[in-house]
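Reader: Hi! Could you walk me through this one? I'd like to start with the surface.

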Amino acid sequence: MTGMPWFADLANYLMSGIVQNEFSLNQRKKLKKDYLDYYWDEPYLFRIFTNDVVRRCVPDEEQVEILEACHSSPYGGHHGGARIETKVLSYGFYWPTLYKDASDLVNHCDECQRAGGISKKNEMPPTTILEIDIFDVWDIDFIGPFESDRCLLCTTKK
């Protein structure tokens with residue numbers, strides 16, 4: 001998909017301070033409110049989250065590649081949507097439809113659908129704990145007496 005990225009209007013407003021004429025009053029208010037959470041550092045737009053974590057805003061062309069890398073790579077693990085979202089965010093990327101896109105990827109992944117979820121029947125059966133009496137495993141070794149070249153009550157040698 002080519003064309004303008006999802007953040008084009010926001011980036012234009014950050015760089016020029018001009019809002020497009022065709023925007024409604026509500027769109028203008030939302031844009032002016034949202035721009036406080038973003039900053040432009042050529043050539044990327046970054047979003048600042050409430051915990052001061054900064055993530056790069058990703059255009060549409062890169063989103064599928066990032067999701068695939070987090071899901072299908074050898075270290076990806078074919079985990080569920082929430083795990084993929086966490087990975088993408090931890091790698092420092094962001095886009096508004098991330099949660100929906102990750103869920104859709106898992107729902108359309110053939111390998112994930114074949115494996116399905118782990119149910120109770122796939123769990124290991126519980127095993128009993130081997131019970132032993134407490135003194136069955138204790139040993140006491142008696143050794144001694146040891147001769148000492150020093151008297152314990154006084155500091156003189158024998």
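Reader: So what does the accessible surface of the protein chain come to?

Author: About 12,800 Å², of which carbon and sulfur atoms hold 56%. Areas come from the Shrake-Rupley method with a 1.4 Å probe, and for residues only the protein chains shown count as cover. This is a predicted model, where local features need pLDDT of at least 70 and side-chain atom pairs count only at pLDDT 80 or more, while totals for chains, interfaces and linings use all residues. Residues are numbered from 1 along each chain as its sequence is written, and side-chain values use heavy atoms, with hydrogens and water left out.

Reader: Thanks! And what share of the residues counts as buried?

Author: 27% of the 158 residues in the protein chain, with buried meaning under 20% relative accessible area (1.4 Å probe, protein chains only).

Reader: How many helices and strands are there?

Author: Six helices and four strands, running α-α-β-β-β-α-α-β-α-α from the N terminus on. They are DSSP runs numbered from the N terminus: helices are H or I with at least four residues, strands E with at least two.

Reader: Nice. In what order do the strands sit in the sheet?

Author: The order is β1-β2-β3-β4, in an open sheet with mixed pairing. Two strands pair if DSSP finds at least two bridges between them. β1 (38–41) and β4 (93–94) are the edges; each has a single partner strand, so one side of each lacks a neighbour in the sheet.

Reader: How many bridges join β1 to β2?

Author: Four, and the two strands run antiparallel. A hairpin links β1 to β2 through two residues, and Y39 is opposite F46 in β2.

Reader: What about β2 and β3, how do they pair?

Author: Antiparallel again, with three bridges between β2 (residues 44–48) and β3 (residues 54–57). F46 stands opposite R56 in β3, while I48 has V54 as its bridge partner. This hairpin has five residues between its strands, and D52 in the turn has a positive phi of about 60°.

Reader: Changing topic: which residues lie nearest the centre of the largest pocket?

Author: W6, L10, K30, L31 and D34, out of 15 lining residues. α1 (8–16) and α2 (25–34) each give two or more residues to that lining, and α2 gives the most, with five.

Reader: How do the lining residues divide by type?

Author: Eight are nonpolar, one is polar and six are charged. Here Ala, Val, Leu, Ile, Met, Phe, Trp, Tyr, Cys and Pro count as nonpolar, Asp, Glu, Lys and Arg as charged, and the others, Gly among them, as polar. A pocket is an open set of points on a 1 Å grid over the protein atoms alone where a 1.4 Å probe fits, with protein on both sides within 12 Å along at least five of seven lines; lining residues have an atom within 4 Å of a point.

Terms used
Buried < 20%, exposed > 50% of the residue type's maximum accessible area, 1.4 Å probe, protein only.
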